[in-house]
Amino acid sequence: DWLDEWGDDFGWIRTYDLTDLQNKVNEGRVGVICARRRDASRSGHITCVVPEGNGQTAKRTNAVVNAPLQSQAGTKNKNYFADDWWVRLASEYSASGFWYHD
């Protein structure tokens, strides 16, 4: 909710294009993917989108990113992964979004 309400005041730009998001991160910007839980008593989820390199890449179909390269810390720590968890687990989330800091 914070990114939706206040993010633009602090330099966060929302994008709806995952290729754009991954490209911005590859250029040196900070990127995140956030999702709000349907069950408001549970915490949402956030991952950092990280630059591609050293054999780690986003998932693409015909050069279009469908899952950016991500990293997360939490109950399951993952150094690198490319998964569309916000789609796969859509029944658990009421909203999701993609942002980068400029």
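The rings of W85 and W86 have their centres 5.7 Å apart with planes at 90°, so they form an edge-to-face pair, and both W85 and W86 are buried. A cluster linked by ring pairs contains W85, W86, Y93 and F98, and the count of aromatic pairs under this rule is 4.

## Basis of the model

The structure is a predicted model, in which local features need pLDDT of at least 70 and side-chain atom pairs count only at pLDDT 80 or more, while totals for chains, interfaces and linings use all residues. Residues are numbered from 1 along each chain as its sequence is written, and side-chain values use heavy atoms, with hydrogens and water left out.

## Overall architecture

The protein chain has 3 helices and 8 strands, which are DSSP runs numbered from the N terminus (helices H or I, at least four residues; strands E, at least two). Along the sequence these elements follow the pattern α-β-α-β-β-β-β-β-β-α-β. The radius of gyration, taken over C-alpha atoms, is 13 Å for the protein chain, close to the 13 Å that the globule rule gives for 102 residues, so the chain is as compact as a globular protein of that length; the rule itself is 2.2 Å times the number of residues to the power 0.38.

The C-alpha trace spans about 40 × 30 × 25 Å along its principal axes, and 34% of the 102 residues count as buried. Among contacts (heavy atoms within 4.5 Å) with a separation of 6 or more, 57% involve residues 24 or more positions apart.

Six strands form an open sheet, with antiparallel pairing and the order 1-8-2-3-6-7; two strands pair if DSSP finds at least two bridges between them. Strand 1 (12-15) and strand 7 (78-81) are the edge strands, each pairing on one side only, and the twist from one strand to the next averages 30°.

Strand 1 pairs with strand 8 (residues 93-101) in the antiparallel sense over 4 bridges, and within strand 8 the bridge partner of W12 is H101. Helix 2 (residues 18-26) packs on the sheet and touches strand 1, strand 2 (30-37), strand 3 (45-49) and strand 8, its direction making about 40° with that of strand 8; axes are lines fitted to C-alpha atoms, for helices over the stretch in contact, and angles run from 0 to 180 degrees between N-to-C directions.

Strand 6 (residues 70-72) runs antiparallel to strand 7 and is joined to it by 2 bridges, the two strands forming a hairpin with 5 residues between them. Q72 stands opposite K78 in strand 7, and the charged end of K78 sits over the ring of F81, 4.7 Å from its centre; this requires NZ of Lys or CZ of Arg within 6 Å of the ring centre and within 35 degrees of the ring normal.

V30 lies in strand 2 and is partly exposed, with a relative accessible area of 47%. Leaving aside residues up to four places away in sequence, V30 touches W12, V25, W99, Y100 and H101.

Terms used
Rings of Phe, Tyr and Trp (its six-membered ring) pair if their centres lie within 6.5 Å; planes under 30 degrees apart count as stacked, over 60 as edge-to-face and the rest as tilted. Buried means under 20% relative accessible area, exposed over 50%, partly exposed in between (1.4 Å probe, protein chains only).
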